[in-house]
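The following exercises ask the reader to work from a structure to its local geometry and packing. Each task is followed by a solution in steps.

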Amino acid sequence: MVDCGILTIVVGDHPGQQIACNERSDHMDDIIQNIDPDKRDRIINAAIEEFASVPYEKASTNNIVKNAGISKGLLFHYFSSKKELYETLIKFVIHTLHDAVIKKFNWEETDLIERINQVAITKLEVSRVYPHMFDFVPKIMVYKNAVNIG
């Protein structure tokens, strides 16, 4: 289970399994460092699109590899399972959005319209790189409920 304030995610059947959302995924950092950025973004975008469009149980790694233009063996070279890919994507999304907000927001701004404008610009900039991220976020952001991905 992951608990980040309003975010609670249950992973698998065992309560002891966790995703630490307050820590950057070392595994994702390794992938970012060891893979061509274009290929990395294709994998991330294909996986986010798949998980955003269907429930976890129905998500197909065959669709992910087809849309990413990679082999299934390569996907499983980076991620040992669909579950690990999903967990890594959750961390990646949380950290990507966090980093975008930290970089773009002027926390001293008091004008509500300007703050809304900052949110809109941040969302557009993230969507340019990861067009399906904001379709995926509702799947993982659950207010005081749990999402089973096991």
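**Exercise 1.** Identify the side-chain contact at the start of α3, and the residue that follows the helix.

*Solution.* In this predicted model, a side-chain oxygen of serine 60 comes to within 3.1 Å of the backbone nitrogen of asparagine 62 at the start of α3. At the other end, α3 is followed by glycine 69, which has a positive phi, near 70°.

**Exercise 2.** Determine which residues of α3 are buried, and how they are arranged around the axis.

*Solution.* Helix α3 spans residues 61-68, and its buried residues are Thr61, Ile64, Val65 and Ala68. These residues lie on the same side of α3, because they cover an arc of only 90° around the axis.

**Exercise 3.** Describe the packing of α2 against α5.

*Solution.* The two axes come within 11 Å and cross at roughly 100°. Angles of 65 to 115 degrees count as roughly perpendicular, and α2 is therefore roughly perpendicular to α5. On the α2 side, the contact is made by Ile44, Ala47, Ile48 and Phe51; α5 contributes Lys82, Leu85, Tyr86, Leu89, Phe92 and Val93. By class, the residues of this contact are 9 nonpolar, no polar and 1 charged.

**Exercise 4.** Classify arginine 115 as buried, partly exposed or exposed, and locate its contacts.

*Solution.* Arginine 115 lies in helix α6 (residues 112-129). Its relative accessibility is 24%, so arginine 115 counts as partly exposed. Leaving aside neighbours within four places in sequence, arginine 115 contacts Phe105, Asn106, Trp107 and Glu109. The C-alpha atoms of arginine 115 and phenylalanine 105 are 7.8 Å apart, with the two residues 10 residues apart along the chain.

Terms used
Residues numbered from 1 in each chain as written. Predicted model: local features only at pLDDT ≥ 70, side-chain atom pairs only at ≥ 80, totals over all residues. Heavy atoms only, no water. Buried < 20%, exposed > 50% of the residue type's maximum accessible area, 1.4 Å probe, protein only. Helix = DSSP H or I, 4+ residues; strand = E, 2+ residues; numbered from the N terminus. Arc of directions from axis to C-beta. Polar contact = N/O pair within 3.5 Å; in protein donor to acceptor, adjacent residues only side chain to side chain. Contact = heavy atoms within 4.5 Å. Axes fitted to C-alpha atoms, helices over the stretch in contact; angles between N-to-C directions. Parallel < 35°, antiparallel > 145°, perpendicular 65-115°, else oblique. Nonpolar A, V, L, I, M, F, W, Y, C, P; charged D, E, K, R; others polar.
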